[in-house]
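Trainee: I would like to learn how to read a few local features. Please take me through them one at a time.

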Amino acid sequence: AFPLAQTFCRLGITSDDVYVFDCMGRGEVPILTQTDLSSAPYKFSQSFTVLEQRAQTLIQTAGNGKWFTLPCNYSDNASFIACGIPAVAITMLPSEEVGIAMHGGQPETWKLFHTPKDNLASLTPQSFELFHRILKLLAAQKTLIQV
């Protein structure tokens, strides 16, 4: 993701919304990852907060009010943040694993990452339905209106 973020900078794409969808194939609860920006410049933090609020609205709507924000290991949004581009990461978890993550534990879904069990059999149909709703809502927000 870092070379892509550098390309965005080189092309001047620094103020568009950047959403990183990571590990979206398992579960039915959208998760907005928490990002610590305590040492970031004020202007960047402001831009990020506005994007984060839009992302919250997006996943809250798509998830019919069922969503969470959780601390997660940095996703590919970290590469954009390192390049000065606000970017949020969204992932998904099965509802029974959200509490584990909320209390600092590692959900079963996260234990599967990059293992032989991270395969087609571990995916859940609900996740694809929810991801489809998220993408449709995002596309509707970004559709250009012709005058």
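Trainee: Where does His114 sit?
Mentor: Start with how elements are named. Helices (H or I, at least four residues) and strands (E, at least two) are DSSP runs, numbered from the N terminus. His114 lies in the loop between α5 (108–112) and α6. This is a predicted model, where local features need pLDDT of at least 70, side-chain atom pairs count only at pLDDT 80 or more, and totals for chains, interfaces and linings use all residues. Residues are numbered from 1 along each chain as its sequence is written, and side-chain values use heavy atoms, with hydrogens and water left out.

Trainee: Is His114 buried or exposed?
Mentor: Buried means under 20% relative accessible area, exposed over 50%, and partly exposed in between (1.4 Å probe, protein chains only). His114 has 79% relative accessibility, so it counts as exposed.

Trainee: What is the phi of His114?
Mentor: Near 60 degrees, a positive value in a residue other than glycine. Cys23 also has a phi near 60 degrees, again positive and again not in a glycine. Cys23 is in the loop between β1 (19–21) and β2 (29–34). Its relative accessible area is 33%, so Cys23 is partly exposed.

Trainee: How many disulfides are there?
Mentor: The general idea is that a disulfide is a covalent bond between the sulfur atoms of two cysteines. The rule applied here asks for a pair of cysteine sulfur atoms within 2.5 Å. By this rule the count is 0. Take Cys83: the nearest cysteine sulfur belongs to Cys9, 4.7 Å away, and Cys83 is in no disulfide.

Trainee: At what angle do α2 and α6 pack?
Mentor: Axes are lines fitted to C-alpha atoms, for helices over the stretch in contact, and angles run from 0 to 180 degrees between N-to-C directions. Helix α2 (residues 42–62) and helix α6 (residues 125–142) pack at about 130 degrees. Their axes are 9 Å apart. Angles under 35 degrees count as roughly parallel, over 145 as roughly antiparallel, 65 to 115 as roughly perpendicular and the rest as oblique. The pair α2 and α6 is therefore oblique.

Trainee: Which residues make the contact of α2 with α6?
Mentor: Contact means heavy atoms within 4.5 Å. From α2 come Leu58, Ile59, Thr61 and Ala62. From α6 come Leu130, Arg133, Ile134, Leu137, Leu138 and Gln141. Sort them by class: Ala, Val, Leu, Ile, Met, Phe, Trp, Tyr, Cys and Pro count as nonpolar, Asp, Glu, Lys and Arg as charged, and the others, Gly among them, as polar. The contact then divides into 7 nonpolar, 2 polar and 1 charged.

Trainee: What does Gln56 touch?
Mentor: Gln56 lies in helix α2. Leave aside neighbours within four places in sequence, and Gln56 is in contact with Leu32 and Trp67. Gln56 is partly exposed, with a relative accessible area of 25%. From Gln56 to Thr69 is 13 residues in sequence and 8.5 Å in space, C-alpha to C-alpha.

Trainee: And where does Pro107 lie?
Mentor: Pro107 is in the loop between α4 (95–102) and α5. With a relative accessible area of 0%, Pro107 is buried. Not counting residues up to four places away in sequence, Pro107 touches Leu93, Glu97, Ile100 and Ala101. Pro107 and Lys136 are 29 residues apart along the chain, and their C-alpha atoms are separated by 28 Å.
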